[in-house]
Amino acid sequence: MRTMWTDLAMEGGGAPPGEQLTGGIERTTVRIKTPEQAKTLERPMGTYVTLECPQRMSVELGTRRALSEALAETIGGMLPDGAHTMLVTGLGNRSVTPDALGPRTVERVLVTRHMAPCLPEDVQERMASVCSASPGVLGVTGVETAEVLRGMVEHVRPDAVIAVDALAARSSRRIGSTIQVTDTGITPGSGVGNHQRALTRATLGVPVIAVGVPMVVSAWALASDALLAMNEDGEIDGETLSACVERVVTAELGEMIVTPREVDALVERMAGIVAEGINLALHPRLTRQEVAQLMAE
């Protein structure tokens, strides 16, 4: 059977049942503790936390806030103790909407590294030192993301790096409604078979927390799901269905990646939610109102 493209650890099989949080959010935690598990799931050892909300175009404000608060709690739990200086990077190509989540998120992140001299002392004491970057993509810059960030880390010396990127999912219902957070770092482009150098503690020298939202799914996966739905009685075995999809979809269309028509709205919504979660995690002693006011300055 063909390997299915997905960046989500929970779709790799054997994920534990999720737990229900306030606001209709479901949290699933996958921990890969042994090399054997890592080999089976084809992912590095570490913790993968997935937050899901119902997939719909109109999401209530309370659900959005619950999702950002759950994200903040998750990121905060992965940050090193005493972390004060952070680098937030938005991966992806801003000119390609399904890949623009990272750059659009960092535009909403409260960067404070330059602000301390201009703020009252009581505000300075409650802020972290945060800087951000959108390094672009290899096809545009000719420079791999890992190379750019390695230079920035050497100069800024952050306690941790938070990398935001668009992901690929196995199921279309997770597009624009799911956030995965992991302490293992990230390999840009891995979900669609375009591997680059990984962004990890080993390559950058500091902990790397990856935050991603699925924005695409393979045509192969959609076709497989459609045929499985039509084959509920099990008349045709799974191997035969997979071979049929491989022959018809992949042979005729190639490795096609698809995204919803409303992807622009989904990216904007999730960029706002992810940025708010990051802001709450990095500045836990600031209120939402203070963050909004500082963003406006």
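**Core packing, strand pairing and salt bridges**

Ile179 touches Val49, Thr50, Leu51, Leu67, Leu71, Val211, Gly212, Val213, Met270, Ile273 and Val274, leaving aside residues up to four places away in sequence; contact here means heavy atoms within 4.5 Å. The model is predicted, so local features need pLDDT of at least 70 and side-chain atom pairs count only at pLDDT 80 or more, while totals for chains, interfaces and linings use all residues. Residues are numbered from 1 along each chain as its sequence is written, and side-chain values use heavy atoms, with hydrogens and water left out.

Ile179 also belongs to the residues with the most contacts inside the largest nonpolar core, together with Ile75, Ile162, Val211 and Ile278; this core has 45 residues. Helix α10 (residues 263-282) supplies its largest share, 12 residues. A nonpolar core is a set of buried Ala, Val, Leu, Ile, Met, Phe, Trp, Tyr and Cys residues joined through side-chain atoms within 4.5 Å, where buried means under 20% relative accessible area, exposed over 50% and partly exposed in between (1.4 Å probe, protein chains only). Helices (H or I, at least four residues) and strands (E, at least two) are DSSP runs, numbered from the N terminus.

Why does strand β8 count as largely enclosed by the rest of the structure? In β8 (residues 208-218), 11 of the 11 residues are buried, so the strand is largely enclosed. Strands pair if DSSP finds at least two bridges between them. Strand β6 (residues 160-169) runs parallel to β8 over nine bridges, with Val164 partnered by Val211. Strand β7 (residues 178-182) is antiparallel to β8 and joined to it by three bridges; here Gln180 stands opposite Gly212. Strand β9 (residues 257-258) pairs with β8 in the antiparallel sense over two bridges, and Val217 has Val258 as its bridge partner.

Turning to charged pairs, the whole structure holds 13 salt bridges, each a side-chain nitrogen of Lys or Arg within 4 Å of a carboxyl oxygen of Asp or Glu. In the pair Glu11 and Arg174, the closest N and O atoms are 2.7 Å apart. Glu11 lies in the segment before β1 (19-20) and Arg174 in the loop between β6 and β7, so this pair ties together parts 163 residues apart in sequence. Glu268 forms a salt bridge with Arg104, at 2.8 Å between the closest N and O atoms.
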